[in-house]
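I set out to record, in order, what I looked up in this structure. The entries follow the display.

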Amino acid sequence: MDQEKVIVIDFGGQYNQLVARRVRECNVYCEIYSYKTDIEQIKAMNPKGIILTGGPNSCYGSDSQSCTKELFELGIPVLGLCYGAQLMMHLLGGKVEKAPVQEYGKTEVFVDTSSPLFTDVPKSTICWMSHSDYISREAPGFTVCAHTADCPVAAAENKAQGLYAIQFHPEVLHTQEGTKMLHNFVRGICGCSGTWKMDAFVENSIQEIRKKVGSGKVLCALSGGVDSSVAAVMMAKAIGDQLTCVFVDHGLLRKNEGDEVEAVFGPKGSYELNFIRVNAQERFYEKLAGVEEPEKKRKIIGEEFIRVFEEEAKKIGAVDFLVQGTIYPDVVESGLGGESAVIKSHHNVGGLPDCVDFREIIEPLRNLFKDEVRKAGLELGIPEHLVFRQPFPGPGLGIRIIGEVTADKVRIVQDADAIYREEIAKAGLNRSIGQYFAALTNMRSVGVMGDERTYDYAVALRAVNTIDFMTAESAEIPFEVLQTVMSRIINEVRGVNRVFYDLTSKPPGTIEFE
Ligand code: XMP
């Protein structure tokens, strides 16, 4: 497939993936490459446009990230953002130096609306700035096309050569007209036709999978999570019962989750695939008995998962392909500065390939961002409750039960969590909170119910808003909703007599409890 594409050259800026996502929102396919990528490789990709990202350093430092000047002579439009803009000016003969006034945050920018970059953008607009260096003089051949009160060159252009430099960050949503500016660049200046659409991607992928697999046998580890579910359905649509999905129920899933996964993928579901559900609850509980230390629990769950899967894989015998739900951020996240992409093993199925006898790995979602995986899922007709499922850790409730895991504690946390999720959904908050769940503390305390003295567990409710899961703030849930959840949990879940709401942000807390 000869896909029209724009490439993002990564100089280590914190927003590199965001730039690529925004470009894709303009229906233009986009990939991220390290600034160290060889110019010949870039030429061979034949991109319609190139975007240089921000970066943490000063472009005039002796060991700063740089690129060859040849990049600007390929006849391909280039857009530099922040560091990328400064580097472009620096390499082409302009001047970059420490700014007398640093700009951080929302800033009013005055733009020249005759620039193709600012078509349909108002003369004065709010943009997100984050820089301590500034362009004090544009490079020869460039014209200044935006400025702020403190920044004489907020944007510069050399229309004849298709080179554009922007000091601010159009990819950040605080830049009011940012999407329009990126749209103007990729669709207007680069002339991309905007054919990157999810229905076409899904259809092409299905054709490619069919061609690749032929009459081969394919094995997929299904967790019920978004990525593995979408990957499995795409494979099932392509090759039907040549696919076998193994779903390990480790007894640490949320309430009814095993049955929900089976309802979709099992014999009564919508797909013609071989579905194997392994009910390994007891095995996991036995291995976890008496273990309190979080990392030890993670290790036991991970190892036991592989052992169970290995046993099933042996029964199936050699297969031609193993499916993994790797997604694009897994491919890119090889550290700041985007070293040549090293693939992270998928969190939840790390270590799987070694225990399966297979010829090749298939990663049907390798080029997609998370929101695109969800779009593909909807396109494939997967139920919304699976497509918009919250992130759920591989070790499951094992790390939401503080201390030893027992079947009874799993019951408590499953029931409390189900009530919490039900009430959040009733209050219409389920799509607006990043991640929320109930956890079981290891604390028991005295209470009174009826005339009885109780000595029971405390459940903790967690709800956070986050963009990248690296930092998070506790979500503001209306007090009445929390009260309803509290009273239902105390009344309906045996063994609980207190409910806490966790207000801690991350850092210093983590999202999960262990
Ligand atoms: P923390 O607790 O580190 O969580 O703030 C950040 C995000 O990662 C998820 N998480 C995990 N996912 N295996 C996983 O697959 C794990 O061991 C694990 N620990 C945390 C967590 O749910 C949150 O979305």
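Entry 1, conventions. I worked with a predicted model, in which local features need pLDDT of at least 70, side-chain atom pairs count only at pLDDT 80 or more, and totals for chains, interfaces and linings use all residues. Residues are numbered from 1 along each chain as its sequence is written, and side-chain values use heavy atoms, with hydrogens and water left out.

Entry 2, the sheet. I took helices (H or I, at least four residues) and strands (E, at least two) as DSSP runs numbered from the N terminus. Pairing requires at least two DSSP bridges between two strands. I found an open sheet of five strands with parallel pairing, ordered S12-S11-S10-S13-S14. Its edges are S12 (274-279) and S14 (360-362), each of which pairs on one side only. The twist from one strand to the next averages 25 degrees; axes are lines fitted to C-alpha atoms, for helices over the stretch in contact, and angles run from 0 to 180 degrees between N-to-C directions.

I noted six bridges, in the parallel sense, between S11 (residues 243-249) and S12. Asp 249 has Asn 279 of S12 as its bridge partner.

Contact means heavy atoms within 4.5 Å. I saw H6 (residues 226-239) pack on the sheet, touching S10 (218-222), S11, S13 (321-323) and S14, with its direction at about 155 degrees to that of S10. H7 (residues 257-265) also packs on the sheet and touches S10, S11 and S12; its direction makes about 165 degrees with that of S12.

I found seven of the ten residues of H1 (residues 16-25) buried, that is, under 20% relative accessible area, where exposed is over 50% and partly exposed lies in between (1.4 Å probe, protein chains only). Among them are Val 19, Ala 20 and Val 23. Asn 27 follows H1 with a positive phi, near 65 degrees.
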